[in-house]
Amino acid sequence: MKKISIFVFILSMSFCANAAVNQIRWGTATDLLNGLTITWSNTGNSDSIAWGYTTALEMGHFSGTGRSGYSTPKFFAYKFPTVLADTNIYYKIWNSATASWDAQRTYRTAPNPASRKFSFAALGDCRTSPSVLTSISNYVAARKPALSLFNGDLTLSGTSPTEYNTFFSAASTFLEQSLVLHAEGNHDAASPVTFSNMWDLPITNGSNLYYSVRYGHTLFITINSCDPTNTTMRSWLHTTLAAAETDATIVWKIVSFHHPFFNIGAHQGDMDAYRSSIWKEFDDHGVDIVFNGHDHNYQRSKPINLNASTSAPVASFGSASGQGRLQIISGGAGASLYTQGSNADAWAMNIFNSTYNYVYCDVDGCVLKVSAYNSSNSLIDSITLNKTGSSSCNTSEVHATYKTIVNPMSIYPNPASQSFTLKYSAESTGEANIIITDEKGKRVFAEKVNKTDAVLEYKHDVSRLAKGIYNVSVELSGQKDGGILIVH
């Protein structure tokens with residue numbers, strides 16, 4: 001009997017160990033404040049999330065959308081409504097495998113794009129050294145960029161669940177705090193379906209392997225260099241860049257993908273065949289910076305414009321006719337380092353450094369400073385692009401309007417067993433819709449009431465509700481505010 005008890009205990013401990021909420025990551029369906037998405041892994045079947053702008057998690061409790069993971073655990077995702085800029089999001093995840101709440105975590109949203117001041121990072125190629133990935137990614141996370149570009153090759157095989165588990169574990173701090181725009185690398189491309197399924201990113205022509213994200217006066221474009229002959233992608237790239245060129249509110253055009261076009265490392269020449277097509281789009285439409293990985297080192301180019309010269313750099317960086325692109329290779333997040341292997345592109349390249357690295361960029365209106373750091377977090381290179389005198393920087397911008405108001409709402413007593421009273425303060429008056437949903441997101445009650453004063457006071461009987469956690473929300477004049485109610 002004692003042996004059976006011990007066996008049951010060990011089995012129970014094994015279940016609990018495998019039932020943890022982990023692999024938390026952030027993405028977006030649209031931009032940094034619209035369509036923000038959180039994804040996580042777990043062995044349960046009905047995980048959910050509660051969140052708010054305070055530790056009260058006042059915005060509500062919502063079901064996660066489940067999908068199959070790359071092994072036994074499921075992936076769950078939740079897409080936020082438009083969120084406040086430059087604000088903490090506090091959240092907890094309900095672990096349906098253990099019927100318990102996970103630890104409370106915090107995510108900082110991006111600055112208001114109207115300020116035209118933000119930062120972003122670039123890194124890639126971690127593969128075989130998780131300890132280096134941890135160091136590099138933690139340095140990035142500590143700088144709190146609004147977004148990061150990860151330019152491929154997360155694992156060596158591209159198909160191994162164990163290797164992907166190692167990646168998520170090594171980069172956990174970074175992934176939990178950073179919105180990351182991923183590009184597929186050649187090792188990831190061993191299973192494009194697996195790679196694509198891991199990330200919640202904008203969908204373009206049915207794929208999230210190429211897409212664009214607009215953030216204020218900056219356009220980020222990610223393409224799939226593992227599929228360079230894809231005519232649909234290339235047509236989309238042309239259309240997207242042509243539209244950006246004529247949009248006076250776009251100052252910076254940033255492109256990221258895995259394989260570099262210019263390279264004095266081991267992989268020189270991989271994209272030569274596409275200089276007259278894909279790279280020409282960059283020159284024709286004035287792309288500012290191209291970020292890549294693939295070669296495991298740090299490299300920075302001179303100003304490149306093949307429309308002007310195929311064997312010499314042009315005089316300056318910029319988007320105007322005759323100015324050149326800045327290409328940066330940041331392939332040093334953990335994969336074994338490469339030394340210089342070719343001089344064929346020496347005319348185009350300025351800096352080569354065989355070291356682990358990441359790149360951090362500060363954007364301040366029409367000035368963009370690029371800084372590269374090594375695995376000791378020491379500065380190894382920097383360059384500043386200044387477009388203050390360009391026509392795009394003399395244009396008044398029009399930005400999307402982001403929600404900036406959270407109306408105060410209180411629920412008491414809480415927990416409640418018989419009834420609760422809701423007090424809701426808002427400038428708007430009129431018909432308000434009060435909705436109660438359970439922890440799976442199922443509506444259990446709804447009532448329309450007339451709000452005639454600054455404060456709406458509403459009492460509701462919960463004696464017939466099952467014990468549990470509920471979300472109480474008020475919809476009024478196009479805004480929705482909510483809070484959590486516990487019935488016991």
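Let's start with the surroundings of Ile-221: setting aside neighbours within four places in sequence, this residue is in contact with Tyr-211, Ser-212, Trp-236, Leu-237, Thr-240, Leu-241, Ile-254, Val-255 and Ser-256. Please keep in mind that we are looking at a predicted model. Ile-221 sits in strand β14, which covers residues 218-222. Is Ile-221 buried or exposed? Its relative accessibility is 1%, so Ile-221 counts as buried, the cut-off being under 20%.

Helix α6 spans residues 231-245 and α7 spans residues 275-284; their axes come within 10 Å and cross at roughly 5°. How do the two helices run relative to each other? Angles under 35 degrees count as roughly parallel, and α6 and α7 are therefore roughly parallel.

Now over to a sheet. Here we have three strands in an open arrangement, in the order β23-β24-β27, with antiparallel pairing. Which strands are at the edges? They are β23, residues 409-412, and β27, residues 455-461, each pairing on one side only. On average, neighbouring strands in this sheet are turned by 15° against each other, direction ignored. If we zoom in on β23 and β24, the latter being residues 419-425, we find four bridges joining them in the antiparallel sense. One to click on in your viewer: Ile-411 has Leu-422 in β24 as its bridge partner.

Last stop, the aromatics. How many aromatic pairs does the structure hold? There are 31. Take Trp-94 and Trp-101: the ring centres are 5.3 Å apart and the planes are at 70°, so this pair is edge-to-face, since planes over 60 degrees apart count that way. Within the pair, Trp-94 is buried at 16% relative accessible area, while Trp-101, at 28%, counts as partly exposed. Elsewhere, ring pairs join Trp-26, Trp-51, Tyr-53, Phe-62, Tyr-78, Phe-80, Tyr-91 and Tyr-107 into a cluster. Thanks, everyone!

Notes
Residues are numbered from 1 along each chain as its sequence is written. This is a predicted model: local features need pLDDT of at least 70, side-chain atom pairs count only at pLDDT 80 or more; totals for chains, interfaces and linings use all residues. Side-chain values use heavy atoms; hydrogens and water are left out. Axes are lines fitted to C-alpha atoms, for helices over the stretch in contact, and angles run from 0 to 180 degrees between N-to-C directions. Angles under 35 degrees count as roughly parallel, over 145 as roughly antiparallel, 65 to 115 as roughly perpendicular and the rest as oblique. Two strands pair if DSSP finds at least two bridges between them. Rings of Phe, Tyr and Trp (its six-membered ring) pair if their centres lie within 6.5 Å; planes under 30 degrees apart count as stacked, over 60 as edge-to-face and the rest as tilted. Buried means under 20% relative accessible area, exposed over 50%, partly exposed in between (1.4 Å probe, protein chains only). Contact means heavy atoms within 4.5 Å.
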